[in-house]
Amino acid sequence: MDLNILWFILITVLFVGFFFLEGFDFGVGILLPFLGKNDQERRVVINTIGPHWDGNEVWLITAGGAMFAAFPNWYATLFSGFFLALFLVLFSLIIRGVAFEFRSSDPSPLWRNTWDWVIFTGSLLSAILWGVAVTNLLKGVPINAEMQYVGTFFDLLSPYTIIGGLTTLLVFMFHGALFLSLKTTGDMAERSLKIAQRIALVAIPVVLLLAGLTYYQTDLFASLGAGITLIGSGVTLILAVLFLKSRKNGWAFVTNGLTILLFTVSVFWGLFPRVMISSLNPNWSLTIYNASSSPYTLKIMTIVAMIMVPIVLIYQGWTYWVFRNRVTEKNLHY
Amino acid sequence: MTELILSRLQFALTTSYHFLFVPLTLGLGVLVAMMETWYVKTGNETYKKMTKFWGKLFLINFAMGVVTGLTQEFQFGMNWSEYSRFVGDIFGAPLAVEALVAFFLESTFLGLWVFGWDKLSKKVHLMAIWIVAIASNLSAFFILVANSFMQEPVGYVLRNGRAEMTDFLALITNPHVLYQFPHTVLSGFVTAGFFVMGVSAYHLLKKTHLDVFQRSFQIAVVFGLISTLGVSGIGHLQGMHLVKTQPMKMAAAEAHWETENPAGLSLYASIDEQGQKNNFEVKIPALLSFLSYNSFTGEVKGIHELQEAAVNEYGPGNYVPPVASLFWSFRIMLTAGIWLLLMAMLGLYFNKTKAYEQNPWFLKLMLWTIPIPYIANTAGWFLAEVGRQPWIVYGLQRVEQGVSTSVSLVSMLIASIGFLLIYTILAVADIYLMVKFVKKGPEAPVEESQKTGVKGASLWT
């Protein structure tokens, strides 16, 4: 296997990590104003992700850095091409990030309410935008022979990509609700379960719709593996709902996590070996070869990644172990 | 053209803003870790109060640093896509390494530290804050490796229309970074030292929480003095290095138009940038030669000669960066440095004699010195980055060649205004919270009853 393929896989892994981990962070943030009926409850909700959200976000930073290092043309075309969309992503991540820290620092109800809605807005926008971005990658965007994006922001919005945004929104909300049902106790856990069920009712038809549209709008199913993983992600979502029905919410969380994993893998598999599809001319697409760094850089980066990624996984996993207990009103930091 | 100016303005804004928070993170992390070390060693509750008080300020500042750092990672691709294509093979690597080696550590262990007071043993908890402190400084190293490539490209070859890495080791041992890293990190320590001294001075003035703030002041004054001396020493060495590698930057920073031997240092100059001369200057003879070579003789090349040499090497064009801006930012940095050195020595004296109680003017002065390191830091980066003009990568790519070509003016305007707005609002909130917690002072220690009492059920039940 050449290093270009390895780095494509590694970036896939980083995005899987980001969507899986930050996915429930987004979901929790979106549900915050609705699940938390008073300040104490909202604190519980935020504290479930308190020790983790920052570390989870580093998966995105790393994915960005890895794209820059391994596929500079991908990084350059994508970030300049999706300029406004990425500005919105930044905007939401920025306001949301400070909100966690700022909210708890002042007891005034107006202050706290404001930051709660900031967390909600930041999480909501991010959750939608990632779906829009990912489906645009699949669908292809206008890229010219010089690897430059020649469309506008509004070219990124189409019924298909909006359904894509809705899909990530719902799946992340479902993920967040299930996470809360595992990390809280009593009434709060019960309410999380109820909300999870309601989200699932909407999520399933939307995901099926997306899968159907993907068949018509993209060439994802031309790759057998990508097609199977995409269908697999639908199946695991249905499994998650079934587990939820029999109140096995641990398993529901795991299977919905699989949905996120399979969906992400399917997108990247469908792209492969392209990294950005040109809707103008297939020959102008960016691939893991014409967008990549030199073999020397890839080799150096491979050595660093092979050492560091397992270490990161171990200590980040350890923090989840340290904070494995449910959050109650008696042990809050934020 | 307008796109270029907007992109430059936006980058200047977002980067300077980001670096308002970074230095305090670099230094205060180490100070908090030291305080907790004393707590764990002695069991003295005062140190725990100190750790928690300064830790809270650290966290507010840290959050701002993290979120504004996100912008840094994105905007090379967003606004400087052609630069990213040109240097991605080299420049992306330290950024990715930074995330993998340092930023993951920093963020994950900060979460552990904040939420782990009741869940971790004292020693493991202490380890967490040391990891945060070390990782944030390590993170600074890799970012500066990337920046150093823009200043002094090493370990590369021009191939396939771009700069490609040929030697990773050369990249991370770039002579430029070997000066820039200690200079930057120690400036962070200085910033934190004076932050702690200033805030402590406020409480010493009010005579509140004396136990906490006398000790804090004592630690910070030693930390601050050593760091200030370090920054100055390394700054001198760095200047000597830059005279060799980026002579135009240094000549412009001195408004040194004509080659001289020995060269004098202008304390003040009335600069005529159009006419390329100084209308009036106050000069100390031979001092510039000394600063450049540690010797009172030695030829220091002037802007005119360097411009000619650059035209010969790179073809026609203007290779002179904005002279007056550089001249004055350099002097602002130096003046601030001298001020800080004096204040640190004065602080050491007053701390030893505990005479500050009778000299409230000193404490007030210390409080008002808090912004000075910030001004010095910003002026220093101004010197480094504006002094690089017209290059985005010194000698290899010009700024106008690096800007994104596919981004519309409207998009850039929206983003620039958006950043300006959100950063302003966040600055107000940040300062409000900082002032609030500074005034409030440390809280009484919370009993550790929670540790045993409220274990929640396990995740899987």
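View 1. Two residues are in contact if their C-beta atoms, placed from the backbone, lie within 7 Å. Where pLDDT is low, the predicted coordinates should not be read in detail. This is a predicted model, in which local features need pLDDT of at least 70 and side-chain atom pairs count only at pLDDT 80 or more, while totals for chains, interfaces and linings use all residues. Residues are numbered from 1 along each chain as its sequence is written, with chains lettered from A and ligands numbered from 1 in the order in which they are written.

**View 2. Chain B as a whole.** Chain B has 16 helices and six strands; these are DSSP runs numbered from the N terminus (helices H or I, at least four residues; strands E, at least two). The mean pLDDT of chain B is 90, and 96% of its residues reach 70 or more. Helix α16 (residues 450–453) of chain B has the lowest confidence in the chain, at a mean of 35, and helix α13 (residues 371–386) of chain B the highest, at 96. For the model, ipTM is 0.89 and pTM is 0.91.

**View 3. The helix pair α3(B) and α4(B).** Helix α3 (residues 81–115) of chain B packs with helix α4 (residues 122–151) of chain B at an angle of about 165°, their axes 8 Å apart. Axes are lines fitted to C-alpha atoms, for helices over the stretch in contact, and angles run from 0 to 180 degrees between N-to-C directions. α3(B) is therefore roughly antiparallel (over 145 degrees) to α4(B). Their contact has 25 nonpolar, three polar and two charged residues. Here Ala, Val, Leu, Ile, Met, Phe, Trp, Tyr, Cys and Pro count as nonpolar, Asp, Glu, Lys and Arg as charged, and the others, Gly among them, as polar.

**View 4. The helix pair α3(A) and α11(A).** The axes of α3(A) and α11(A) cross at roughly 175° and come within 12 Å, so these helices are roughly antiparallel to each other. Gly55(A), Ala69(A) and Ala70(A) of α3(A) meet residues of α11(A), including Thr297(A) and Met301(A).

**View 5. Where chain A touches chain B.** The contact takes 66 residues from chain A and 63 residues from chain B. On the chain A side, α5(A) gives the largest share, 13 residues.

Technical notes: pLDDT is the predictor's confidence in each residue, from 0 to 100. Angles under 35 degrees count as roughly parallel, over 145 as roughly antiparallel, 65 to 115 as roughly perpendicular and the rest as oblique.
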